[in-house]
Amino acid sequence: MFKFIIDNIGTIIVSIILLTLFVLALVKIIKAYKKGKCIGCSCDCDKCKYNKKD
Amino acid sequence: MSIKIGLVGNPNSGKTTLFNNLTGSMQYVGNWPGVTVEKKEGRLKNFKDAIVVDLPGIYSLSPYTLEEVVSRNFIINEKPDVIINIVDATNLERNLYLTTQVIELGIPVIIALNMIDIVEKKGDIFNIEKLKEITGCEVVEVSALKGKGTNEVAKKAIEVATKNDNCNRLFKFTDKVESIINGIEDLVKDTVPNDKLRFTAIKLLEKDEKIDVDLTNQTKLIIEDIVKKTEKDFDDDTESIITNERYSYIENIVKTLYLKKSIVKISISDKIDKVATNRWAAIPIFLVVMFLIYFLAVSTLGAMGTEWVNTVLFGEWIPDLAEKGLTAINSASWLNSLIIDGIIGGVGSVLGFLPQMAILFLLLALLEDVGYLSRIAFILDKVFRKFGLSGKSFIPMMIGTGCSIPGIMASRTIENENDRRITIMTTSFIPCGAKLPIIALVAGAMFNDSAIIAFSAYLLGITAVLISGIILKKFKAFRGKESPFIMELPSYHVPNFKNIAMHTWERIKSFVIKAGTIIFAAAVIIWFASNFSWSLRMVQMDESILASIGKIIQYIFVPLGFGDWKSAVATILGLVAKENVVNAFGILYNIGDVSQAGQEIWNVLPYTALSAYSFLVFNLLCAPCIAAIAAIKREIGSSKWMWITIGFQTALAYVLAITIYQMGLLFGGTFTVYTIPAMLLFVGLIYFIVRPTNKRIRLNEGVNNV
Amino acid sequence: MTSLNNIKVGDRVKVTKLEGQGALKRRIMDMGITKGVEIFVRKVAPLGDPMQLQVRGYELTIRKADANLIMVEQKIGDKYLCQ
């Protein structure tokens, strides 16, 4: 089994990085929708802007 | 203990600019009334523990418009420690009218006298000491645009707030009215706190319905009597009596405050207006201006930028780099596919349009900053009214060219319920920033970056708005009295480039963040769902999860010319974010540079020019992204209306797209099994537009007297 | 006495009375159009409506239907004329 990990270490590391990024993105999206904010939409919604100060 | 500072003033008085200066934030400064529809908070720079609240611009504290009620309620209920009343020195009478009312609220007020540099430049003289004397308030000179005076205002505000000693001098009415007010004060002084006594009494005299006070029935009757008697004595309603007295008083004091030395010349603003709002040239000029914007953004400058980003950055550099990196670590092929075909392919294709979007945002921001857009509302009002909207509906729509969501929120400034509803239901027809990649994609891949195609998308949006206005107005649910249209026309501004740059940068940043989150997540999901089957094995795209779903949905779109599973899926994904349409294209058609015209594209994408345009039409007009739908629900107030809106928009999109496609085929000599149904649908649409309005409904709408 | 919507571009008038009631009347007054104020009719929109006025030193646009509620007398030379 260790051989498997070592052979594919590149793939595994990158996959974990991607997975983390993916989950982070999802979490950010869900949090934003819950607060009723638009997430990084190309707009100037009051909600987006002034919530940054929170 | 936190100090709370309220910022109050007329629209266009420089309030939000002052707010930005005080808090260091970057709130959007629009150049027409109605940009600030909610209060905004920020921390006062350089002071510990003080918050500044920017309230919507108001002309008075009457109970009629949403902005006034929001401001009023904030001051009464949240009891700020001090109010900064920003007064535009070039527009004294109307600004001071508000000041007389704000002082009555019992909270210490300091005046920030803005634009005094313009007054002095004209050669006029302003007597600040006199203003201090008359109002009893501290007066600080500021030039919000230049950033001058900000620190002084902040210091004074904190001083007054901590001293908590109100030297504001109340505005006194004529003796007769004063005694009446005093009489009412006596009647209610037991139930009303001392500092609110005068304000309450005046509001009761004005028959203000939103004032919050506990009265016994007996007291109410006595007050009613007083009001009736007053109205009889003065031969006018009490609201008008009070308002008249305020203005008379102000007229007199302004003479002592402001010495006009300058000769009245035609201002530059007026000279520009002679052309911009010229009877014959105005609308053509507007169309030319919008066309130029799309020309620069999509076709010329924008296209060059996009081409570089797509062919070089995302076509060579990044994929090459990624490939090298991945081979170096000996990664699995599925991972390579995920990263290169999926993430880079998808997110890259969306980011590829950034140059075009940036230029569009920049030009629109310039247009807004200069003040041209309030002129358009003025010009187009009559046109809009024929279509069931008002000039005020134009504002949300222009905001919508950036993003529909603030546009939908800006509809709050429309008092008339029906007009507001129609505006909310049609705002997202105007192509927003997120739809630009789709437009640029079609224009670029099929029509050689044509500016006309891009501009036609914008015209299409406006047409859809106008048609919808006509159609909806014929239903009883939307009929009602016409709303008044009274709007200030602020003077043209020399564009403030810092403002424009900041504004554009904010939008670009938002776009990139969106790409990094939603688009990224969606790209991963799309890649997965299009490369794996239900049994979670890697397969060819045609056998994937996404394909199986798409193949069921695709039939809906066959009559429209794009009945293949990839187009169907891309359209549906557009519901999450409109950029996803391009995201999906980038991954499903496996090209990183879909926006480039070129023979390869023609071979790969299964579209004709006609079907591509039909696809564009449908995606532009159908229901907007979830975030916008959520905004629609919030502003329109009910789920029922939200569904009606979605249904209406999608139906209109469908009918227009099918008509364009089938009629297009017909002109080319091709007759299909859908030709007749398409014609029927189109005739149905025409019917809804031209049918006569029920006479009974029309008679019920009286003359315009509110 | 005539109403504001009948006034030609370029004329100056003085407000004599305000018809109407409620929110619309209040709005008109809040914007500075009160009894006795002078109004200058600057122009009319390309399609004939709305009107652009100068009031108390600033520019205001108002629909003819709403201007109908504003009764005015015209200023000829230095005198005001009732029509």
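1. The peptide bond joining Asp49(C) and Pro50(C) is cis, with omega of about -5°.

2. Before going on, some housekeeping. This is a predicted model, where local features need pLDDT of at least 70, side-chain atom pairs count only at pLDDT 80 or more, and totals for chains, interfaces and linings use all residues. Residues are numbered from 1 along each chain as its sequence is written, while chains are lettered from A and ligands numbered from 1 in the order in which they are written.

3. How is chain B divided up by the domain assignment? Domain 1 covers 3-163, and domain 2 is made of 284-481 + 497-690; such bounds come from an automatic or database domain assignment. The C-alpha centres of these two domains of chain B are 40 Å apart.

4. Now find the open sheet in chain B, with six strands in the order E2-E3-E1-E4-E5-E7 and mixed pairing (two strands pair if DSSP finds at least two bridges between them). Strand E2 (40-43) and strand E7 (138-142) of chain B are at the edges with a single partner strand each, so one side of each has no neighbour in the sheet. On average, neighbouring strands here are turned by 25° against each other, direction ignored.

5. Inside that sheet, strand E1 (residues 3-9) and strand E4 (residues 82-88) of chain B pair in the parallel sense over five bridges. Ile5(B), for example, has Val82(B) in E4(B) as its bridge partner. Helix H6 (residues 150-163) of chain B packs on the sheet and touches E1, strand E3 (50-54), E4, E5 and E7 of chain B. Its direction makes about 160° with that of E7(B). For such angles, axes are lines fitted to C-alpha atoms, for helices over the stretch in contact, and angles run from 0 to 180 degrees between N-to-C directions. Contact is when the C-beta atoms of two residues, placed from the backbone, lie within 7 Å.

6. Have a look at Asn12(B) too, in the loop between E1 and helix H1 (15-23) of chain B. Asn12(B) isn't a glycine, yet its phi is positive, about 65°.

7. Which residues of H19(B) meet H21(B)? Ile422(B), Met425(B) and Thr426(B) do, and on the H21(B) side they meet Val465(B), Ser468(B), Gly469(B) and Leu472(B). Helix H19 (residues 417-426) and helix H21 (residues 451-473) of chain B pack at about 140°, with axes 10 Å apart.

8. Finally, the chain contacts. Of the two pairs of chains that touch, chains B and C have the most contacts. Chain A and chain C do not touch, and their nearest C-alpha atoms are 27 Å apart. The contact of B and C takes 34 residues from chain C and 34 residues from chain B. On the side of chain C, H1(C) gives the most, with nine residues. Three bridges also join strand E9 (residues 486-488) of chain B to E5(C), running antiparallel, and Glu488(B) stands opposite Leu60(C) in E5(C).

Conventions
Helices (H or I, at least four residues) and strands (E, at least two) are DSSP runs, numbered from the N terminus.
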